[in-house]
Amino acid sequence: MSKNINNSRKRHFRIHLNEERTAYICLIPAFLGLIFLTYLPLAGVFGISFFRWTGLSSPKFIGLNNYIKLFTTDPYIKDSIVVTIYFAVISVLGSMIYSLVIAMLLNRKVPARSFFRAVFYVPYVLPAAAVYVGWAWLYEANFGFFNYLLSKLGIHKILFIADSKYVVPSLALIAVWLSGNLIVIFLAGLQNVPKVYHEAAEIDGANGWQRFCNVTLPCMTPIIFYNLLMSLIANLQIVTPALSLTNGGPGNSSRFMTYLMYDQAFVNNKLGYACAVSFIIFVIIAVFTAVLFGTSKSWIFYEGGDEK
């Protein structure tokens, strides 16, 4: 009897060991991808930031001089950090609210629902050049569509991307319009909210707003966290609007950190200095990510009760 029990235990142990080995083998491609596509390039950027290098000449080791120059004599870095964070905050908040509202509307039984889902997702997959050419026409100061509407309403024209007060909100509006991927993810999350919770709340007399606040939002918090994190990381690295529409202007009001990095690397040929800017961008993103993960346990609801 004891011999059979021991044999059974050994068999279960071998099965468990084989499952663990299989799991580790399946994770090898993921580890290789992280190492060669993330960690090694990041280490390379950090290493190059200690050199003066144009990409053609021999690199010269200068230690922390790039970082010292960045925060002591660079006239753009402080404004660039402020503008980047300002853009990211309003873009993320706008995208989250817009995407959740549209997803809730598309989750209802309305005619041609699939068509409207595709319509709101299409902007996300359009070529960036086509998108910004179209928005440049909408924002045009004299003959743009938005200023045409304002003139019909008797409102003075607005220099959307030629005025430092309006350029960042105007670019953020484009980012909000392009958030079709967030809509799709929110829509998938809404469809997975258990209907039994809504039915129970309705039986208890909860109205639509109460069901949204006490049922839908808590069940959606993991999805909200994911979209918030991905949107924040993407918008902190924004560069295409500045390259396509504003060239960092007017003044320095849209000189995002990624545009500053591009300018130093490909216009001034200062690759070491550009890598220092790039590493500062990484640090800023890491700080925001750490704050999000650090506060997530206080507001994310897991249906199974496991918050680890």
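**Group meeting: pockets, loops and helices in a predicted model**

Buried here means under 20% relative accessible area, exposed means over 50%, and partly exposed is in between, with a 1.4 Å probe and protein chains only. Ser179 sits in the loop between helix 7 and helix 8. Setting aside neighbours within four places in sequence, Ser179 is in contact with Ser95, Tyr98 and Ser99, where contact means heavy atoms within 4.5 Å.

A word on what you are looking at. This is a predicted model, in which local features need pLDDT of at least 70 and side-chain atom pairs count only at pLDDT 80 or more, while totals for chains, interfaces and linings use all residues. Residues are numbered from 1 along each chain as its sequence is written, and side-chain values use heavy atoms, with hydrogens and water left out.

Now the whole chain. Its secondary structure comes to 13 helices and 2 strands; these are DSSP runs numbered from the N terminus, helices being H or I with at least four residues and strands E with at least two. The radius of gyration is 25 Å, well over the 19 Å that the globule rule gives for 308 residues, so the chain is more spread out than a compact globule. That radius is taken over C-alpha atoms, and the rule is 2.2 Å times the number of residues to the power 0.38. The C-alpha trace spans about 85 × 60 × 35 Å along its principal axes. Of the 308 residues, 33% count as buried. Among contacts with a separation of 6 or more, 66% are between residues 24 or more positions apart.

On to the pockets. Rolling a probe the size of a water molecule over the atoms shows where empty space is left. For us, a pocket is an open set of points on a 1 Å grid over the protein atoms alone, where a 1.4 Å probe fits, with protein on both sides within 12 Å along at least five of seven lines; lining residues have an atom within 4 Å of a point. Points are joined across faces, edges and corners, and a volume is the space filled by probe spheres set on them.

The largest pocket holds about 710 Å³ of space. It is lined by 17 residues, and the closest to its centre are Met104, Asn107, Arg108, Leu190 and His198. Helix 3 (77–106), helix 8 (180–191), helix 9 (195–203) and helix 10 (208–236) are the elements that give two or more residues to this lining.

The second largest pocket has about 410 Å³. Of its 20 lining residues, Tyr124, Ala175, Leu178, Ala234 and Asn235 are the closest to the centre. Helix 3, helix 7 (167–177), helix 8, helix 10 and helix 11 (240–246) each supply at least two of the lining residues, with the largest share, 4 residues, coming from helix 10.

What classes of residue make up the two linings? In the largest pocket we find 5 nonpolar, 5 polar and 7 charged residues. The second largest pocket has 13 nonpolar, 7 polar and no charged residues. Here Ala, Val, Leu, Ile, Met, Phe, Trp, Tyr, Cys and Pro count as nonpolar, Asp, Glu, Lys and Arg as charged, and the others, Gly among them, as polar.

Next, some backbone geometry. Most residues other than glycine have a negative phi, and most peptide bonds are trans. Ala112 has a positive phi of about 55°; it lies in the loop between helix 3 and helix 4 (113–125) and is partly exposed, at 46% relative accessible area. Asn247 has a positive phi near 55°, in the loop between helix 11 and helix 12, and counts as exposed at 51%. Pro250 is in the loop between helix 11 and helix 12 (257–267), and a cis peptide bond joins Gly249 and Pro250, with omega about -5°. Just after helix 12, Asn269 takes a positive phi of about 55°.

Last stop, helix 12 and its cover. Its buried residues are Met257, Thr258, Tyr259, Leu260, Asp263, Gln264 and Ala265, and what covers them includes helix 3, helix 11 and helix 13 (271–296). In helix 13 we find Ile284, buried at 15% relative accessibility. Apart from neighbours within four places in sequence, Ile284 is in contact with Ile81 and Met257. Ile284 and Ile233 are 51 residues apart in sequence and 9.7 Å apart in space, C-alpha to C-alpha.

Thanks, everyone!
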